[in-house]
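Subject: The two-chain model, and what turned up in it

Hi,

Here is the structure I promised to pass on. Please have a look at it first, and then read my notes below.

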Amino acid sequence: MRRIRVIPVLTLQNEKLVKTIRFKNPTYIGDPINAVKIFNEKEVDEIVILDITASKEKREPNYTKIEEIASEAFMPFAYGGGVKNLNQIEKLFKLGIEKVVLNSVLEDNIALVTEAAKIFGSQSIIASIDVKKNIFGKLNAYKISGSTKINYSIDDFVNKLEEAGVGEFFINSIDKDGTYSGYDLALINQVSSKTNLPIVVCGGASSINDFLPAIQAGASAVAAGSMFVYTGATRGILINYPKQEELVNKVYQQL
Amino acid sequence: MITIIDYNAGNIKSIQNMLKRIGVKSCISSKPSEIETAEKLILPGVGHFDYGMMNLKQSGLVDVLNKKVVDEKTPLLGICLGAQLLGNGSEEGNEKGLGWIDMDVVKFDKSKLSENLKIPHMSWNEINIKKESKLLEGLDNDARFYFVHSYHMKCNDEMNVLTNTSYGYEFTSAVEKENIFGVQFHPEKSHKFGMRLLENFMSI
């Protein structure tokens, strides 16, 4: 049986856990450590934690908080937010994270990917691309919390990053973020036709039923924020994750 | 005391975190004198085979490890690259391995993988237990572990195969020979399954 990874994404504003809709209106959810402890109990496949304002506010990663989270994370833990150079990456790995997520630094310093992959291995370097549709329906890549358009087309950017040595792509749809409207399957198709690397997709998941179409469109792993921190359309806060049998029956055995 | 060998190749802190969680005190060391007195050893590792092996040599650890593991029979658990280093060598590089277990490390055979199975094998997967072992007490074929690797172990003596795992085809995911254990997956990142495996290792 083939398994795909199902990954909760927690977004932080420094120390606070928040959730956005289309990358806007961050709503306070709670304390990230508590959330990670619950995700441990639920035996989640992996977690991604993104400090979504670190780059915007030109902050360093919050090493103390990250170390605290890592000491409670008994699953693979990827961190992103404010990471700009090799020293920071080395420091993060020493705190006990498995993977580092790069986004805002990529366009101007793609060489960082190559250097980091050489030292820490490609498998630990994730390139995150935030994607938004323009008024003509064309998909463009963005950085710095979705505020700044990247000058490369998505296809070119993906090729460049693969050449530079990233191990994985984290593709986040800004338009879908927090909307519960399903993954952007056209986007997944587009990226997966350009690369053989694993693609983690994020944005739009509302239930376990959204996973299968995303995988069939070319995703290697599915990630979600709202779905795992809220319950129902009223957005009551409840950290949750599908049961293993449910994933096996509804997803893995259908692949 | 359990000693996690620090040779500048990998996820040491995660292993210590997990050990702490199961109530085991550990120390991280790169000093031959400290490794000499260890009751049990963990050889972690992430990255390139040659880089790992060269770091072990440059840290002056190979002799003391041979003495501890081969002569004194101190239990050792290799994790990921640390498991691969127990063998003769790897297709990934030119360095010889520690040579304690008669196995080679080979790249995943892409021709046997369908298109949707990517390399590295980066996912949770199950184990198919091939022989009884204290290391796997309380774990069955439903136990899940986190894997991330592009090369896998291939034993020349089937007796040393502890578990296989299927990814396109069956490959060896854990090995055991006397006091020497190696797991391709990451018990320190595999929830209760990994906790149980590490607890089992502690009671060997």
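What volume does the second largest pocket have? It comes to about 720 Å³. Before the rest, two notes on conventions. This is a predicted model, in which local features need pLDDT of at least 70 and side-chain atom pairs count only at pLDDT 80 or more, while totals for chains, interfaces and linings use all residues. Residues are numbered from 1 along each chain as its sequence is written, chains are lettered from A and ligands numbered from 1 in the order in which they are written, and side-chain values use heavy atoms, with hydrogens and water left out.

Pockets

The search ran on a 1 Å grid over the protein atoms alone; a pocket is an open set of points with protein on both sides within 12 Å along at least five of seven lines, a cavity is a set where a 1.4 Å probe fits but cannot get out, and lining residues have an atom within 4 Å of a point. Grid points are joined across faces, edges and corners, and a volume is the space filled by probe spheres set on the points.

Back to the second largest pocket: 45 residues line it, and Phe23(A), Ile52(A), Asp130(A), Ser145(A) and Gly146(A) lie nearest its centre. Among the elements of chain A that each supply at least two lining residues are β1 (5-13), β7 (125-133) and α8 (226-229); helices here are DSSP runs of H or I with at least four residues, strands are runs of E with at least two, and both are numbered from the N terminus. By class, this lining has 16 nonpolar, 20 polar and nine charged residues, where Ala, Val, Leu, Ile, Met, Phe, Trp, Tyr, Cys and Pro count as nonpolar, Asp, Glu, Lys and Arg as charged, and the others, Gly among them, as polar.

The largest pocket holds about 1300 Å³ of space. Of its 46 lining residues, Phe120(A), Gly121(A), Gln123(A), Val46(B) and Gly47(B) are the closest to the centre. At least two lining residues each come from α3 and α4 (111-120) of chain A and from α1 (12-21), α5 (81-84) and β9 (144-149) of chain B. The most is given by α4(A), with four residues. The lining is made up of 19 nonpolar, 15 polar and twelve charged residues.

The cavity

One cavity of 30 Å³ or more is found in the whole structure, and the space in the largest cavity is about 40 Å³. Its lining consists of Ile171(A), Asn172(A), Ser173(A), Tyr183(A), Asp184(A), Leu187(A), Ile188(A), Val201(A) and Cys202(A). The largest share of that lining, three residues, comes from β10(A), and the classes are six nonpolar, two polar and one charged.

Between the chains

In chain A, 33 residues are in contact (heavy atoms within 4.5 Å) with 24 residues of chain B. The area buried between the two chains is about 2500 Å², with carbon and sulfur atoms giving 50%; this is the accessible area (1.4 Å probe) that the two parts lose on being put together, summed over both. On the chain A side, Arg3(A), Glu43(A) and Phe74(A) lose the most area to chain B, together 31% of what that side buries.

Six salt bridges are counted between chain A and chain B, each a side-chain nitrogen of Lys or Arg within 4 Å of a carboxyl oxygen of Asp or Glu. Lys192(B) and Glu43(A) meet in a salt bridge, at 3.2 Å from N to O. The elements giving two or more residues to the side of chain A that touches chain B are α1 (32-41), α2 (63-70) and α3 (86-95) of chain A. That side has 13 nonpolar, eight polar and twelve charged residues.

Within the chains

Over all chains there are 26 salt bridges. In one of them, Lys65(A) pairs with Asp31(A), the closest N and O atoms being 3.9 Å apart. This pair links distant parts of the chain, with Lys65(A) in helix α2 and Asp31(A) in the loop between β3 and α1, 34 residues apart.

Two backbone details are also for your list. The peptide bond from Ile119(B) to Pro120(B) is cis, with omega near 5°, and Pro120(B) lies in the loop between β6 (103-107) and β7 (121-126) of chain B. Ile144(A) is not a glycine, yet has a positive phi of about 50°; the residue Ile144(A) lies in the loop between β8 (139-143) and β9 (148-149) of chain A.

Best wishes
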